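Morning, everyone. Please have the sequence and the model open while I talk. I'll go through helix packing, then the ligand, then some rings and backbone details.

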Amino acid sequence: MEISSGNERQLPAAYVHVPFCRHRCGYCNFTLVSGRDDLIDQYLKAIELELATIGETVPISTLYIGGGTPTHLSGQQLQRLLSSIGRTFSLCNDLTTAPEFSVEANPADIDEEKINVLYDAGVNRISLGAQSFNAAKLKRLERDHTADIIRSAVSIARIRIKNVSLDLIFAAPEESVDDWKRDLEQAIAVDPNHISTYGLTIERGTTFWNRQLHNDLHPLDEETQRTMYELAVDKLTSAGFEHYEVSNFAKPNFRSAHNENYWLGGEYYAVGPGAARYLNRERSMNHQSTTTYIKGVLAGQSPIVDREKLSDEDIARERLVFGLRRIEGIDVAGFHRETGFTIDELAQPALGDFIAADLLRYQNDRLTLTREGLIVSDSIWPRFLVP
Ligand code: SF4
């Protein structure tokens with residue numbers, strides 16, 4: 001994909017969802033199918049049709065192909081997907097963002113052929129679903145790779161694509177704080193440019209959820225989860241990573257530009273089953289079932305099943321919540337200028353409660369999470385999203 005330059009406005013991002021995996025991991029509730037590779041060719045046709053409705057050479061600032069597992073596609077199928085994406089979207093320099101083209105990958109899928117296909121299409125960032133370097137933990141998470149496969153995937157990717165991010169999970173069943181410490185050390189030793197780390201949540205509808213109901217799997221207690229999160233913050237920042245969002249850490253100049261666009265309230269296109277977009281003050285979402293999505297799009301129907309037009313106040317509330325996820329928080333005066341609302345008029349009395357509880361603080365004309373606020377941030381957002 002060619003990268004143009006010279007645009008002087010903030011451009012939207014774009015997301016393409018690839019809903020295929022070899023196997024559904026026990027904790028995963030994403031939009032995907034496993035064991036249905038027979039659907040891939042029809043999916044690729046449906047994506048081409050959906051992309052064609054967006055247009056040709058539409059300028060965007062960042063592009064992200066996620067899943068599922070995009071690299072579950074064969075080299076040839078990936079090439080077909082990337083060519084149709086390249087006809088619709090054109091990555092451009094813009095005022096705030098360097099062009100970034102990321103693809104999520106399973107370490108077990110990485111080989112030179114696929115990396116060459118990605119590189120030739122302009123991909124400049126790989127996000128590897130490493131999750132852990134611990135054999136027993138990987139097995140409990142039902143992952144199909146080993147620590148050696150992760151290391152080899154990083155080396156192969158870096159022959160062509162230098163910017164590599166690792167996803168890591170903590171608080172897996174039976175994991176100890178020492179296990180997590182070793183995971184962090186091994187991740188740091190691989191020298192990634194970026195790390196995203198999430199505490200395992202056991203979601204309704206997953207096999208982990210059922211196992212928990214039958215007392216066959218036990219989530220870690222809150223105190224241990226908290227210790228693990230704080231350990232990640234301390235070890236990664238000591239290793240030279242900037243903690244720039246609740247769950248994200250980057251070496252200097254390697255923040256995820258695509259995710260920064262979400263947190264700053266930017267617009268984004270989205271294509272594929274279950275994909276959610278935000279354009280022209282409207283959020284909309286495609287059908288989550290892969291088979292229904294394919295059938296509908298191939299029959300000439302719109303894949304969109306849900307639309308919501310946002311009011312000025314909705315937009316301001318979302319800006320508040322997404323903006324506070326960033327460690328640098330929100331510029332109080334800038335927020336008022338851009339949304340037309342003061343933080344106080346939107347967020348009191350909850351804001352006062354959170355400040356009194358030392359979860360949020362005003363500092364240097366910005367509103368930010370405190371360290372304690374970082375740990376319990378998910379309990380803060382619901383009170384800001386409704387009047
Ligand atoms: S590889 Fe990722 S997307 Fe696929 S099932 Fe496992 S966790 Fe879900």
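One term before we start. A crossing of two helices is called right-handed if the near helix is turned clockwise from the far one, and left-handed if the near helix is turned anticlockwise by less than a right angle. Keep in mind that this is a predicted model.

Start with H11 and H12. H11 covers residues 312-325, and H12 covers residues 332-339. Their axes come within 10 Å and cross at roughly 155°. That makes H11 roughly antiparallel to H12, because angles over 145 degrees count that way. Now use our term. H11 and H12 cross in the right-handed sense. Who touches whom? From H11 we have Ala 316, Arg 319 and Leu 320, and they meet Phe 335, Glu 338 and Thr 339 of H12. Sorted by class, this contact of H11 with H12 holds three nonpolar, one polar and two charged residues.

Next pair: H2 and H3. H2 runs over residues 75-88, and H3 over residues 112-120. The axes of H2 and H3 come within 10 Å, and the crossing angle is roughly 10°. H2 and H3 are therefore roughly parallel to each other. On the H2 side, the contact uses Gly 75, Gln 76, Leu 78, Gln 79 and Leu 82. On the H3 side, find Glu 113, Lys 114, Val 117 and Leu 118. The classes in this contact of H2 with H3 are four nonpolar, three polar and two charged.

H3 also packs against H5, residues 147-160. The angle between H3 and H5 is about 35°, and the axes are 9 Å apart. This crossing of H3 with H5 is right-handed. H3 brings Glu 112, Ile 115, Asn 116, Tyr 119 and Asp 120 to the contact. H5 brings Ile 156, Ala 157, Ile 159 and Arg 160. That contact of H3 with H5 divides into five nonpolar, one polar and three charged residues.

Now the ligand. Which residues are around the ligand? Cys 21, His 23, Arg 24, Cys 25, Tyr 27, Cys 28, Phe 30 and Leu 32 are among them. By class, the shell around the ligand has six nonpolar, three polar and two charged residues.

Hold on to Gly 68. The peptide bond from Gly 67 to Gly 68 is cis, with omega near 25°. Gly 68 sits in the loop between strand S5, 62-67, and helix H2.

There is a cis bond from Gln 348 to Pro 349 as well, with omega near 0°. Look for Pro 349 in the loop between helix H13, 343-347, and helix H14, 350-356.

On to the rings. How many aromatic pairs are there? The count comes to 10. Take Phe 170 and Trp 180. Their ring centres are 5.3 Å apart and their planes are at 40°, so the pair is tilted. Phe 170 belongs to strand S9, residues 163-170, and Trp 180 to helix H6, residues 177-189. So this pair ties together parts that are 10 residues apart in sequence.

One last stop, Asp 191. Asp 191 lies in the loop between H6 and strand S10, 194-199. Asp 191 is not a glycine, yet its phi is positive, about 60°.

That's my tour. Thanks, everyone.

How values were computed: Residues are numbered from 1 along each chain as its sequence is written. This is a predicted model: local features need pLDDT of at least 70, side-chain atom pairs count only at pLDDT 80 or more; totals for chains, interfaces and linings use all residues. Side-chain values use heavy atoms; hydrogens and water are left out. Axes are lines fitted to C-alpha atoms, for helices over the stretch in contact, and angles run from 0 to 180 degrees between N-to-C directions. Helices (H or I, at least four residues) and strands (E, at least two) are DSSP runs, numbered from the N terminus. Angles under 35 degrees count as roughly parallel, over 145 as roughly antiparallel, 65 to 115 as roughly perpendicular and the rest as oblique. Contact means heavy atoms within 4.5 Å. Ala, Val, Leu, Ile, Met, Phe, Trp, Tyr, Cys and Pro count as nonpolar, Asp, Glu, Lys and Arg as charged, and the others, Gly among them, as polar. A residue is near a molecule or strand if one of its heavy atoms lies within 4 Å of it. Rings of Phe, Tyr and Trp (its six-membered ring) pair if their centres lie within 6.5 Å; planes under 30 degrees apart count as stacked, over 60 as edge-to-face and the rest as tilted.
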